[in-house]
Amino acid sequence: MAFSQRSWPVWLTLCVLLLWSNFAAAQTSTVLFTDDFEAYAVSTFPSSGGWSVYATGATVTNERAVSPTKSFRFTSSQNLGDFALHPITVSPMASSVSIEAWVNPTRSDSNNAIVRLGGCSGGPSVRFDPNGTIHAGDVPDNDKYRYPVSATYSANIWTLVRVDLDLVTFTYSITVNRVVAGTGFPASSTTVPTQICVGSDNNIVAGTGGGTTVYVDDVRVEEVVGSSPALFTLPFSVGETWYVCQGYNGQISHQKASALDLSIDPMSPGPTGCGSGSNASTGKPVLAPADGTVEAHIPYQGEKNILCIKLNGIAVMKVGHLTNLLPIGTRFNRNDALGIVEAPSKGNGGYAHIHLQIQDLSDDCKQATTIPFSGQYRFEEAPDMPYDDNGTPKNYKDDPTNQWSGIVLHRSR
Ligand SMILES: [Zn+2]
(Lines give C-alpha, C1' and ligand atoms only; values in the text may rest on other atoms or scores of the structure.)
Protein backbone atom coordinates (compact mmCIF):
# COMPACT_ATOMS: atom_id res chain seq x y z
CA MET A 1 0.00 0.00 0.00
CA ALA A 2 1.08 3.56 -0.64
CA PHE A 3 2.92 5.60 1.92
CA SER A 4 0.71 8.47 3.04
CA GLN A 5 0.29 11.29 5.50
CA ARG A 6 -1.16 8.79 7.91
CA SER A 7 2.40 7.70 8.55
CA TRP A 8 3.10 10.76 10.69
CA PRO A 9 1.47 9.28 13.80
CA VAL A 10 3.45 6.10 13.12
CA TRP A 11 6.67 8.09 13.15
CA LEU A 12 5.73 9.85 16.38
CA THR A 13 4.91 6.51 17.98
CA LEU A 14 8.16 5.13 16.63
CA CYS A 15 10.18 7.87 18.30
CA VAL A 16 8.44 7.30 21.62
CA LEU A 17 8.95 3.56 21.40
CA LEU A 18 12.59 4.03 20.48
CA LEU A 19 13.10 6.05 23.67
CA TRP A 20 11.11 3.55 25.67
CA SER A 21 13.15 0.64 24.35
CA ASN A 22 16.26 2.07 25.96
CA PHE A 23 14.65 1.53 29.33
CA ALA A 24 13.04 -1.81 28.60
CA ALA A 25 16.21 -3.75 29.22
CA ALA A 26 16.93 -1.81 32.38
CA GLN A 27 16.75 -3.43 35.75
CA THR A 28 14.04 -2.65 38.23
CA SER A 29 14.79 -1.20 41.62
CA THR A 30 12.54 -1.88 44.62
CA VAL A 31 12.57 -0.07 47.95
CA LEU A 32 12.78 -2.68 50.73
CA PHE A 33 12.82 -0.32 53.65
CA THR A 34 12.76 3.38 54.35
CA ASP A 35 12.59 5.42 57.55
CA ASP A 36 12.54 9.21 57.99
CA PHE A 37 12.08 8.92 61.80
CA GLU A 38 9.08 11.24 61.74
CA ALA A 39 6.71 8.62 63.18
CA TYR A 40 8.32 8.37 66.60
CA ALA A 41 8.21 10.44 69.78
CA VAL A 42 11.32 12.47 70.55
CA SER A 43 13.69 10.81 73.05
CA THR A 44 12.36 7.30 72.39
CA PHE A 45 14.05 4.36 70.69
CA PRO A 46 12.17 3.59 67.44
CA SER A 47 11.31 -0.04 68.27
CA SER A 48 7.83 0.37 66.79
CA GLY A 49 9.51 0.82 63.40
CA GLY A 50 11.31 -2.51 63.73
CA TRP A 51 14.65 -1.14 64.97
CA SER A 52 16.51 -3.04 67.67
CA VAL A 53 19.24 -1.96 70.05
CA TYR A 54 22.77 -3.20 69.35
CA ALA A 55 24.43 -0.79 71.79
CA THR A 56 22.32 1.36 74.05
CA GLY A 57 21.95 5.11 73.84
CA ALA A 58 20.30 5.91 70.52
CA THR A 59 17.08 7.93 70.43
CA VAL A 60 14.95 9.88 68.00
CA THR A 61 15.63 13.60 68.24
CA ASN A 62 14.46 16.88 66.79
CA GLU A 63 17.85 18.57 67.22
CA ARG A 64 18.83 18.09 63.57
CA ALA A 65 17.01 16.62 60.57
CA VAL A 66 17.04 16.32 56.80
CA SER A 67 13.38 15.40 56.41
CA PRO A 68 11.86 17.68 59.00
CA THR A 69 11.66 17.47 61.88
CA LYS A 70 13.34 14.40 63.36
CA SER A 71 16.36 12.14 62.94
CA PHE A 72 18.00 9.21 64.76
CA ARG A 73 20.78 10.26 67.15
CA PHE A 74 23.71 8.05 68.22
CA THR A 75 26.33 8.92 70.81
CA SER A 76 29.41 6.77 71.07
CA SER A 77 32.01 7.01 73.82
CA GLN A 78 35.73 6.45 73.64
CA ASN A 79 35.43 2.71 74.05
CA LEU A 80 31.88 1.96 73.07
CA GLY A 81 30.11 2.46 69.76
CA ASP A 82 26.40 3.19 69.57
CA PHE A 83 24.39 1.27 66.97
CA ALA A 84 20.92 0.13 65.93
CA LEU A 85 19.85 -2.77 63.73
CA HIS A 86 16.91 -3.24 61.39
CA PRO A 87 15.99 -6.47 59.53
CA ILE A 88 15.71 -6.52 55.74
CA THR A 89 14.51 -9.23 53.35
CA VAL A 90 16.36 -9.35 50.05
CA SER A 91 14.72 -11.25 47.18
CA PRO A 92 16.54 -14.42 46.04
CA MET A 93 16.36 -12.92 42.52
CA ALA A 94 18.13 -9.69 43.51
CA SER A 95 21.38 -8.88 41.76
CA SER A 96 22.28 -6.04 44.12
CA VAL A 97 21.17 -4.38 47.34
CA SER A 98 21.95 -0.89 48.56
CA ILE A 99 21.66 1.22 51.70
CA GLU A 100 21.54 4.99 51.61
CA ALA A 101 21.36 7.44 54.54
CA TRP A 102 22.09 11.02 55.48
CA VAL A 103 24.61 11.32 58.31
CA ASN A 104 25.75 14.32 60.34
CA PRO A 105 28.59 13.84 62.85
CA THR A 106 29.47 16.41 65.47
CA ARG A 107 33.23 16.00 65.03
CA SER A 108 35.64 14.94 62.29
CA ASP A 109 38.70 14.04 64.39
CA SER A 110 37.51 10.57 65.32
CA ASN A 111 35.88 7.45 63.98
CA ASN A 112 32.16 8.05 63.85
CA ALA A 113 29.30 7.37 61.40
CA ILE A 114 28.83 3.84 60.06
CA VAL A 115 26.15 2.87 57.52
CA ARG A 116 26.19 -0.84 56.84
CA LEU A 117 24.55 -3.77 55.05
CA GLY A 118 24.78 -6.61 57.56
CA GLY A 119 25.18 -6.71 61.30
CA CYS A 120 26.95 -4.16 63.49
CA SER A 121 30.18 -6.15 63.76
CA GLY A 122 30.85 -6.43 60.02
CA GLY A 123 29.47 -6.08 56.51
CA PRO A 124 29.75 -3.89 53.41
CA SER A 125 29.68 -0.36 54.79
CA VAL A 126 30.92 3.19 54.76
CA ARG A 127 32.66 4.65 57.83
CA PHE A 128 33.68 8.22 58.71
CA ASP A 129 37.17 8.40 60.21
CA PRO A 130 39.69 10.87 61.69
CA ASN A 131 40.67 13.99 59.75
CA GLY A 132 37.51 13.95 57.67
CA THR A 133 38.51 10.75 55.86
CA ILE A 134 36.03 8.10 54.69
CA HIS A 135 36.75 4.38 54.37
CA ALA A 136 35.07 1.21 53.15
CA GLY A 137 34.15 -0.50 56.38
CA ASP A 138 33.96 -4.26 55.85
CA VAL A 139 37.38 -4.88 57.40
CA PRO A 140 38.69 -6.15 60.75
CA ASP A 141 39.08 -3.54 63.50
CA ASN A 142 42.87 -3.78 63.32
CA ASP A 143 42.78 -2.91 59.59
CA LYS A 144 40.27 -0.04 59.71
CA TYR A 145 41.94 2.23 57.16
CA ARG A 146 42.69 -0.30 54.47
CA TYR A 147 40.24 1.05 51.88
CA PRO A 148 40.09 4.86 51.71
CA VAL A 149 37.55 6.39 49.31
CA SER A 150 37.96 9.57 47.28
CA ALA A 151 35.65 11.76 49.36
CA THR A 152 35.76 13.64 52.64
CA TYR A 153 33.23 14.94 55.15
CA SER A 154 32.98 17.84 57.56
CA ALA A 155 31.57 17.95 61.07
CA ASN A 156 28.06 19.29 61.51
CA ILE A 157 27.17 19.00 57.83
CA TRP A 158 24.70 16.51 56.40
CA THR A 159 26.38 14.05 54.02
CA LEU A 160 24.51 11.52 51.87
CA VAL A 161 26.23 8.13 51.83
CA ARG A 162 25.36 5.00 49.91
CA VAL A 163 26.68 1.44 49.78
CA ASP A 164 25.84 -0.77 46.78
CA LEU A 165 26.55 -4.47 47.22
CA ASP A 166 26.77 -6.62 44.08
CA LEU A 167 25.23 -9.96 45.03
CA VAL A 168 26.93 -11.77 42.15
CA THR A 169 30.52 -10.72 42.80
CA PHE A 170 30.08 -9.72 46.48
CA THR A 171 31.97 -6.53 45.94
CA TYR A 172 30.60 -3.15 46.92
CA SER A 173 30.89 0.49 45.97
CA ILE A 174 30.57 3.65 48.03
CA THR A 175 28.88 6.84 46.90
CA VAL A 176 29.18 10.12 48.80
CA ASN A 177 26.85 13.00 48.00
CA ARG A 178 25.74 11.17 44.85
CA VAL A 179 29.30 10.83 43.50
CA VAL A 180 30.86 7.37 43.34
CA ALA A 181 33.87 7.51 45.64
CA GLY A 182 35.15 3.94 45.44
CA THR A 183 34.26 0.62 43.79
CA GLY A 184 35.23 -3.04 43.92
CA PHE A 185 35.71 -3.36 47.67
CA PRO A 186 35.53 -7.04 48.63
CA ALA A 187 32.81 -8.09 51.05
CA SER A 188 34.19 -10.22 53.88
CA SER A 189 31.47 -12.82 53.35
CA THR A 190 29.28 -14.00 50.48
CA THR A 191 26.14 -14.06 52.61
CA VAL A 192 23.16 -12.00 51.46
CA PRO A 193 22.54 -9.42 54.21
CA THR A 194 19.45 -9.91 56.39
CA GLN A 195 19.81 -6.70 58.39
CA ILE A 196 21.27 -3.21 58.32
CA CYS A 197 23.22 -1.37 60.99
CA VAL A 198 23.63 2.38 61.46
CA GLY A 199 25.33 4.29 64.24
CA SER A 200 28.52 5.81 65.54
CA ASP A 201 31.77 3.85 65.77
CA ASN A 202 34.11 3.78 68.78
CA ASN A 203 35.88 7.06 69.28
CA ILE A 204 39.29 5.41 69.35
CA VAL A 205 41.37 8.35 68.22
CA ALA A 206 40.07 11.62 69.57
CA GLY A 207 40.60 10.38 73.08
CA THR A 208 39.10 11.92 76.09
CA GLY A 209 35.64 13.05 76.75
CA GLY A 210 32.34 13.41 75.09
CA GLY A 211 32.40 10.67 72.50
CA THR A 212 30.96 11.42 69.07
CA THR A 213 27.36 12.18 68.36
CA VAL A 214 26.09 11.21 64.91
CA TYR A 215 22.67 12.04 63.50
CA VAL A 216 21.19 9.69 60.87
CA ASP A 217 18.16 10.45 58.71
CA ASP A 218 16.21 9.10 55.75
CA VAL A 219 17.58 5.56 55.75
CA ARG A 220 16.64 3.74 52.58
CA VAL A 221 17.36 0.18 51.44
CA GLU A 222 16.75 -0.89 47.85
CA GLU A 223 17.31 -4.02 45.83
CA VAL A 224 17.74 -4.46 42.11
CA VAL A 225 16.31 -7.54 40.46
CA GLY A 226 18.18 -8.23 37.26
CA SER A 227 16.19 -9.07 34.16
CA SER A 228 16.79 -12.51 32.71
CA PRO A 229 19.17 -12.57 29.76
CA ALA A 230 17.66 -12.47 26.27
CA LEU A 231 17.86 -15.91 24.63
CA PHE A 232 17.78 -14.73 21.00
CA THR A 233 19.96 -12.49 18.90
CA LEU A 234 18.33 -10.50 16.12
CA PRO A 235 18.16 -12.66 12.96
CA PHE A 236 20.06 -10.33 10.65
CA SER A 237 23.62 -9.11 10.16
CA VAL A 238 25.51 -6.96 12.65
CA GLY A 239 25.25 -3.28 11.69
CA GLU A 240 21.84 -3.61 10.03
CA THR A 241 18.66 -1.84 11.11
CA TRP A 242 15.28 -3.42 10.44
CA TYR A 243 11.75 -2.27 11.20
CA VAL A 244 8.68 -4.11 12.46
CA CYS A 245 6.28 -3.38 9.61
CA GLN A 246 3.50 -5.67 10.81
CA GLY A 247 3.24 -6.58 14.49
CA TYR A 248 1.19 -8.79 16.79
CA ASN A 249 -2.53 -9.26 16.01
CA GLY A 250 -2.05 -7.68 12.60
CA GLN A 251 -4.76 -6.61 10.22
CA ILE A 252 -3.32 -8.30 7.13
CA SER A 253 -2.25 -11.48 8.91
CA HIS A 254 -0.97 -12.44 12.43
CA GLN A 255 -4.55 -12.33 13.84
CA LYS A 256 -4.29 -13.24 17.55
CA ALA A 257 -0.63 -14.20 17.03
CA SER A 258 2.56 -12.78 18.52
CA ALA A 259 4.23 -12.69 15.13
CA LEU A 260 6.47 -10.04 13.62
CA ASP A 261 7.22 -9.03 10.05
CA LEU A 262 10.49 -7.20 9.53
CA SER A 263 11.57 -5.02 6.63
CA ILE A 264 14.81 -3.16 6.09
CA ASP A 265 12.92 -0.19 4.62
CA PRO A 266 12.60 2.58 7.27
CA MET A 267 9.30 3.73 5.71
CA SER A 268 7.82 0.21 5.74
CA PRO A 269 5.57 0.45 8.84
CA GLY A 270 2.25 1.52 7.35
CA PRO A 271 -1.10 2.11 9.07
CA THR A 272 -2.18 -1.51 8.75
CA GLY A 273 0.98 -3.40 7.80
CA CYS A 274 4.08 -3.36 5.67
CA GLY A 275 3.80 -0.52 3.18
CA SER A 276 6.60 0.95 1.14
CA GLY A 277 9.71 -0.93 0.06
CA SER A 278 8.20 -4.22 -1.04
CA ASN A 279 11.49 -5.24 -2.66
CA ALA A 280 13.93 -3.61 -0.18
CA SER A 281 14.70 -6.71 1.88
CA THR A 282 15.04 -9.14 -1.03
CA GLY A 283 18.16 -11.30 -0.86
CA LYS A 284 19.17 -10.25 2.66
CA PRO A 285 20.69 -13.09 4.69
CA VAL A 286 18.61 -14.31 7.64
CA LEU A 287 20.69 -15.60 10.55
CA ALA A 288 19.99 -18.12 13.30
CA PRO A 289 18.94 -16.38 16.55
CA ALA A 290 20.30 -19.28 18.65
CA ASP A 291 21.78 -22.76 18.16
CA GLY A 292 19.38 -25.42 16.85
CA THR A 293 18.20 -27.86 14.20
CA VAL A 294 16.04 -27.51 11.09
CA GLU A 295 12.85 -29.51 11.73
CA ALA A 296 10.69 -28.78 8.67
CA HIS A 297 9.99 -26.63 5.62
CA ILE A 298 6.43 -25.35 5.86
CA PRO A 299 4.44 -24.19 2.83
CA TYR A 300 2.68 -20.82 2.69
CA GLN A 301 0.41 -20.00 -0.25
CA GLY A 302 1.79 -23.06 -1.99
CA GLU A 303 5.48 -22.16 -1.54
CA LYS A 304 7.69 -23.97 0.95
CA ASN A 305 9.29 -20.78 2.19
CA ILE A 306 8.95 -21.06 5.99
CA LEU A 307 11.67 -22.69 8.04
CA CYS A 308 10.62 -24.42 11.25
CA ILE A 309 13.62 -24.60 13.56
CA LYS A 310 14.04 -26.11 16.99
CA LEU A 311 16.26 -23.87 19.11
CA ASN A 312 18.10 -26.04 21.62
CA GLY A 313 16.16 -26.19 24.88
CA ILE A 314 14.38 -22.88 24.19
CA ALA A 315 11.51 -22.93 21.70
CA VAL A 316 10.40 -23.72 18.19
CA MET A 317 10.66 -20.77 15.80
CA LYS A 318 9.04 -20.33 12.41
CA VAL A 319 11.08 -18.10 10.13
CA GLY A 320 9.67 -16.98 6.78
CA HIS A 321 9.66 -16.14 3.99
CA LEU A 322 12.96 -17.39 2.65
CA THR A 323 14.69 -19.05 -0.25
CA ASN A 324 17.90 -21.09 -0.07
CA LEU A 325 16.49 -22.77 3.04
CA LEU A 326 18.87 -24.84 5.15
CA PRO A 327 17.98 -28.51 4.56
CA ILE A 328 15.82 -30.40 7.06
CA GLY A 329 17.95 -32.03 9.75
CA THR A 330 20.77 -29.48 9.53
CA ARG A 331 22.27 -28.50 12.85
CA PHE A 332 23.26 -24.85 12.99
CA ASN A 333 24.87 -22.39 15.36
CA ARG A 334 23.72 -18.93 16.32
CA ASN A 335 24.45 -16.52 13.45
CA ASP A 336 24.65 -19.24 10.79
CA ALA A 337 22.68 -18.35 7.65
CA LEU A 338 19.21 -19.93 7.62
CA GLY A 339 18.34 -18.68 4.14
CA ILE A 340 17.79 -15.40 2.30
CA VAL A 341 14.72 -13.18 2.10
CA GLU A 342 12.51 -14.15 -0.82
CA ALA A 343 11.65 -11.53 -3.44
CA PRO A 344 8.01 -10.33 -3.50
CA SER A 345 5.87 -13.31 -4.46
CA LYS A 346 2.57 -15.00 -3.77
CA GLY A 347 4.26 -16.80 -0.84
CA ASN A 348 5.02 -13.59 1.06
CA GLY A 349 1.97 -11.52 0.14
CA GLY A 350 3.91 -9.62 -2.51
CA TYR A 351 6.20 -8.05 0.10
CA ALA A 352 9.77 -9.23 0.85
CA HIS A 353 10.11 -9.55 4.62
CA ILE A 354 11.22 -11.76 7.49
CA HIS A 355 8.32 -13.37 9.37
CA LEU A 356 9.05 -14.52 12.94
CA GLN A 357 7.04 -16.39 15.55
CA ILE A 358 7.82 -18.82 18.34
CA GLN A 359 5.95 -21.59 20.12
CA ASP A 360 6.58 -24.13 22.83
CA LEU A 361 9.09 -26.90 22.11
CA SER A 362 6.44 -29.53 22.90
CA ASP A 363 4.24 -28.19 20.08
CA ASP A 364 6.95 -29.09 17.60
CA CYS A 365 6.23 -27.57 14.16
CA LYS A 366 2.46 -27.90 14.18
CA GLN A 367 0.18 -24.89 14.31
CA ALA A 368 0.17 -23.76 17.95
CA THR A 369 -0.20 -20.85 20.30
CA THR A 370 2.55 -18.31 19.80
CA ILE A 371 4.82 -17.06 22.59
CA PRO A 372 5.45 -13.28 22.62
CA PHE A 373 9.03 -12.06 22.19
CA SER A 374 9.08 -11.06 25.84
CA GLY A 375 11.02 -11.82 29.01
CA GLN A 376 13.71 -14.40 28.30
CA TYR A 377 12.17 -14.91 24.84
CA ARG A 378 13.04 -11.38 23.74
CA PHE A 379 15.77 -10.52 21.27
CA GLU A 380 18.97 -9.06 22.63
CA GLU A 381 19.07 -5.32 21.78
CA ALA A 382 15.30 -5.32 21.20
CA PRO A 383 12.60 -4.08 23.57
CA ASP A 384 10.62 -6.51 25.67
CA MET A 385 7.49 -7.12 23.57
CA PRO A 386 4.63 -8.65 25.55
CA TYR A 387 1.26 -9.31 23.85
CA ASP A 388 -1.45 -6.90 24.97
CA ASP A 389 -4.74 -8.81 25.27
CA ASN A 390 -6.53 -5.74 26.57
CA GLY A 391 -7.41 -7.67 29.73
CA THR A 392 -9.66 -10.09 27.87
CA PRO A 393 -7.45 -13.09 27.03
CA LYS A 394 -10.18 -15.04 25.22
CA ASN A 395 -11.28 -12.26 22.89
CA TYR A 396 -8.55 -11.19 20.47
CA LYS A 397 -10.94 -9.05 18.45
CA ASP A 398 -10.78 -6.26 21.01
CA ASP A 399 -6.99 -6.50 21.38
CA PRO A 400 -4.87 -3.66 20.00
CA THR A 401 -3.93 -4.41 16.41
CA ASN A 402 -0.47 -4.35 14.90
CA GLN A 403 1.24 -4.27 18.32
CA TRP A 404 4.91 -3.18 18.21
CA SER A 405 4.65 -2.07 14.59
CA GLY A 406 7.17 0.71 13.96
CA ILE A 407 9.74 -0.65 16.39
CA VAL A 408 13.32 -0.10 15.21
CA LEU A 409 15.63 -3.08 15.57
CA HIS A 410 19.31 -2.31 15.31
CA ARG A 411 21.94 -4.96 15.74
CA SER A 412 25.28 -3.64 16.96
CA ARG A 413 26.94 -6.88 18.07
ZN1 LIG B 1 4.14 -12.37 9.00
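## Reading the folds of a predicted chain

Modeller: Buried residues make up 41% of the 413 residues in this chain. Keep in mind that the model is predicted.

Colleague: Which secondary structure elements does the chain contain?

Modeller: The tally is 1 helix and 27 strands.

Colleague: Why is the chain described as more spread out than a compact globule?

Modeller: Here one compares the radius of gyration with what the globule rule gives for the chain length. For 413 residues the rule gives 22 Å, while the chain comes to 29 Å, well over that value, so the chain is more spread out than a compact globule. Along the principal axes, its C-alpha atoms fill a box of roughly 95 × 45 × 35 Å.

Colleague: And what share of the contacts with a separation of 6 or more is between residues 24 or more positions apart?

Modeller: Such pairs account for 63% of them.

Colleague: What is the order in the open sheet of 3 strands?

Modeller: That order is S18-S24-S22, again with antiparallel pairing. S18 (285-287) and S22 (322-323) are the edge strands. S22 is joined to S24 (residues 337-341) by 2 bridges, and Leu 322 stands opposite Val 341 in S24.

Definitions and conventions: Residues are numbered from 1 along each chain as its sequence is written. This is a predicted model: local features need pLDDT of at least 70, side-chain atom pairs count only at pLDDT 80 or more; totals for chains, interfaces and linings use all residues. Helices (H or I, at least four residues) and strands (E, at least two) are DSSP runs, numbered from the N terminus. The radius of gyration is taken over C-alpha atoms; the globule rule is 2.2 Å times the number of residues to the power 0.38. A residue is buried if 20 or more other C-beta atoms lie within 10 Å of its own, exposed if 12 or fewer, and partly exposed in between; C-beta atoms are placed from the backbone. Two residues are in contact if their C-beta atoms, placed from the backbone, lie within 7 Å. Two strands pair if DSSP finds at least two bridges between them.
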